[in-house]
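This briefing is for a reader who is new to the structure shown below. The notes that follow are grouped by topic.

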Number of protein chains: 2
Amino acid sequence: MQANYTRPLDLKRGRVDLSHGAGGRVSAQLVRELFARHFANPALDAGDDGAVLPAPGPGERLVMATDAHVVSPLFFPGGDIGCLSVHGTINDVAVMGARPLYLSASFILEEGYPLADLARIVESMARAAREAGVPVVTGDTKVVEQGKGDGVFISTTGLGALPAGRTLSGNQARPGDAILVSGTMGDHGMAIMAQRESLAFDSEIVSDTAALHGLIAQLLEAAPSVRVLRDPTRGGLATTLNEIASQSGVGMVLEEKAIPVREQVDAACELLGLDPLYVANEGKLVVVVPAEHAEAALAALRAHPLGSDAARIGEIVEDANAFVQIRTGFGGKRMVDWLSGEQLPRIC
Amino acid sequence: MQANYTRPLDLKRGRVDLSHGAGGRVSAQLVRELFARHFANPALDAGDDGAVLPAPGPGERLVMATDAHVVSPLFFPGGDIGCLSVHGTINDVAVMGARPLYLSASFILEEGYPLADLARIVESMARAAREAGVPVVTGDTKVVEQGKGDGVFISTTGLGALPAGRTLSGNQARPGDAILVSGTMGDHGMAIMAQRESLAFDSEIVSDTAALHGLIAQLLEAAPSVRVLRDPTRGGLATTLNEIASQSGVGMVLEEKAIPVREQVDAACELLGLDPLYVANEGKLVVVVPAEHAEAALAALRAHPLGSDAARIGEIVEDANAFVQIRTGFGGKRMVDWLSGEQLPRIC
């Protein structure tokens, strides 16, 4: 758009005000000088109400997934709401077995939020999208009054192409299947909590936020028989496994000592009275695969930088109650229930 | 999901709490007993992280559009944030000339918000989606602490199929083209304002919120040469026309007395010192069409219940400055600029 402006956005000292969301001249300026500048791509640059995009190839189906991001604080060790909102939605598309193609982004900003911080978030988001090869093709921005929001909320929607014949779903797990995870559990949630509670550790706990579609492509190439993929975000591994058990109508038995957890994460959890199995991850996979292909799948995960700590952690069993159980270090078994309260609010 | 719950959601007296967004047992209950119940469709019912969907037909492209909805108040004469969030995004897809197919919905709820009101919103949203024939196929819900949100925010993303060879864009307007609107201007914005300011009028001002894809299909059938479609939401007709003028590098001359505005809307605007040309609409179209097809287009609009007040309001002219001008009732001309401030915050 070519409307005339006297001054460019003050990206150093300026703040979000209500006019940035009112749809007029100032909104257009914010879009042009911040969003369009960083997200630049032909579909977005057209400047219309929607993006026009090539459809997937013949025989392919679409996958659509959406995530609201309200993480607090907005910046944390290893990431920020910007890259998180790209990774989270790409992962939701990718765990369906689809190739992520496009993202949309919807911003709800609070009046008074510093434009400099907003710019850092948008830059991080654009970098994550570029690195993942998944452009942000359309968006929207609204502004709410001070005290009616909390800095920045970002909802992203992802669109992907699902190859013909591929069916990954939480309802595909079968007794005898192996359960794998792609790495250590609880890093993202504890990075947020440590920041929020100002916990100091010898070495910082860093979020694992990452886009998993590359890892998944490598995994499915080596083990096309994979039945379920899921990213264990809110509610952690325990809740994700319970969801799968419920959807498939099967039970699970896990080996506690096989589940990888970083030492500092374990220590921080102990300090805060949390169980790492309920703490969110943002760059990890749960994989259910027929036992005979478990080792091939594990090797494929470990061959990728995002899967170097991958482990086989248990197996699917017959159980009409869909219980998830864990064999502890002491030889006993205990139930692993769904997350039952709010344990960690605003973790993503 | 089959997890056991002792009690169903209390949809009469219950309130949103942080556990509804934490991703565990209570989140699953909210999804099952509220969202999945009302939005029921095969893609959503699968209960996975993303929806698997048939792709559009051969030769068709995709259109993707997104809108954040932060309207205040959440309920207003003629609608609520629920149906608005369906209509708004369907319209953004439809004005690109695409057939809307699917919606995603992302909710950001404030702790303490009454579940009964949330249920009314979800019911309204589901009804709007059903009436439009565009299902909500995937979604997400987050909860923020009291005082960090404002009841309910909803971001929706729409996906549509664009027939081969069709190109509607804000950059297609050409000198000599006619400019039409599908009905009266300012109804939605003034319905919100009247509610917010507790204005009383003899007859209530009602939002025009509506899904326009049926009207648009009928219009494009009768006048396939239409060059630009846009829904004049935030910033109103004035801002939408300025956007088109900028994108196409053309000027516009409007006839003030040809622009339809309801008497009560005009009176309310006068009372509040607003100009109806800058007030948001949520069920109206701006159409740019070659002059020789303007009458056919107008007749097609008028033949549809949502277009009965359609009017021809001006024409595209050559103008390197991309100015929008209006011929007033007194024979003079004045400039119609972009909306320059926040005139009406949180109107959609």
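**Surroundings of B:H20**

Leaving aside residues up to four places away in sequence, B:H20 touches B:L9, B:R15, B:V26, B:S27, B:L30, B:L115 and B:V143. B:H20 sits in the segment before helix 1 (25-39) of chain B. With 5% relative accessibility, B:H20 counts as buried. The model is a predicted one.

**The two chains**

- Chain B can be laid on chain A by a turn of 180° and a shift of 0.0 Å along the axis, with an RMSD of 0.0 Å.
- The two copies are thus related as by a two-fold rotation axis.
- In chain B, the C-alpha nearest that axis belongs to B:G149 and lies 2.2 Å from the axis.
- Both copies use the same surface, as 100% of the contact residues of chain B recur in chain A.
- The contact involves 81 residues of chain B and 81 residues of chain A.
- About 6600 Å² of area is buried between chain B and chain A, and carbon and sulfur atoms give 58% of this area.
- On the chain B side, the residues that lose the most area to chain A are B:D49, B:M64 and B:R234, which together give 12% of what that side buries.

- B:T66 belongs to strand 2 (residues 61-69) of chain B.
- The relative accessible area of B:T66 is 2%, so this residue is buried.
- The side chains of B:T66 and B:T157 are joined by a polar contact of 2.9 Å.
- A polar atom of the B:T66 side chain also lies 3.1 Å from the backbone oxygen of B:T156.
- Not counting residues up to four places away in sequence, B:T66 touches residues of chain A, namely A:S104, A:A105, A:S106, A:T138, A:G139 and A:D140, and also B:T89, B:D92, B:T156 and B:T157.

**Helix packing in chain A**

- Helix 3 (residues 81-94) and helix 4 (residues 115-132) of chain A pack at an angle of about 35°, and their axes are 6 Å apart.
- From helix 3 of chain A, the contact is made by A:I81, A:G82, A:C83, A:S85, A:V86, A:H87 and A:I90.
- From helix 4 of chain A, the contact is made by A:I121, A:S124, A:M125, A:A128, A:A129 and A:A132.
- Nine of the residues in this contact between helix 3 and helix 4 of chain A are nonpolar, four are polar and none is charged.

**Cis peptide bonds**

- In chain A, the peptide bond from A:S72 to A:P73 is cis, and its omega is near 0°.
- A:P73 lies in the loop between strand 2 (61-69) and strand 3 (75-76) of chain A.
- In chain B, B:S72 and B:P73 are joined by a cis peptide bond with omega of about 0°.
- B:P73 is in the loop between strand 2 and strand 3 (75-76) of chain B.

**Positive phi values**

- A:A322 is not a glycine, yet its phi is positive, at about 55°.
- A:A322 is placed in the loop between strand 12 (311-317) and strand 13 (324-327) of chain A.
- The relative accessible area of A:A322 is 8%, and the residue is buried.
- A:R346, a residue other than glycine, has a positive phi near 55°.
- A:R346 is in the segment after strand 14 (333-335) of chain A.
- A:R346 counts as buried, at 5% relative accessibility.

Note on methods:
Residues are numbered from 1 along each chain as its sequence is written. Chains are lettered from A and ligands numbered from 1 in the order in which they are written. This is a predicted model: local features need pLDDT of at least 70, side-chain atom pairs count only at pLDDT 80 or more; totals for chains, interfaces and linings use all residues. Side-chain values use heavy atoms; hydrogens and water are left out. Helices (H or I, at least four residues) and strands (E, at least two) are DSSP runs, numbered from the N terminus. Buried means under 20% relative accessible area, exposed over 50%, partly exposed in between (1.4 Å probe, protein chains only). A polar contact is a pair of N or O atoms within 3.5 Å; within protein, one must be able to donate a hydrogen and the other to accept it, and residues adjacent in sequence count only if both atoms are side-chain atoms. Contact means heavy atoms within 4.5 Å. Copies are superposed by least squares on the C-alpha atoms of residues with pLDDT of at least 70 in both. Axes are lines fitted to C-alpha atoms, for helices over the stretch in contact, and angles run from 0 to 180 degrees between N-to-C directions. Ala, Val, Leu, Ile, Met, Phe, Trp, Tyr, Cys and Pro count as nonpolar, Asp, Glu, Lys and Arg as charged, and the others, Gly among them, as polar. Buried area is the accessible area (1.4 Å probe) that two parts lose on being put together, summed over both.
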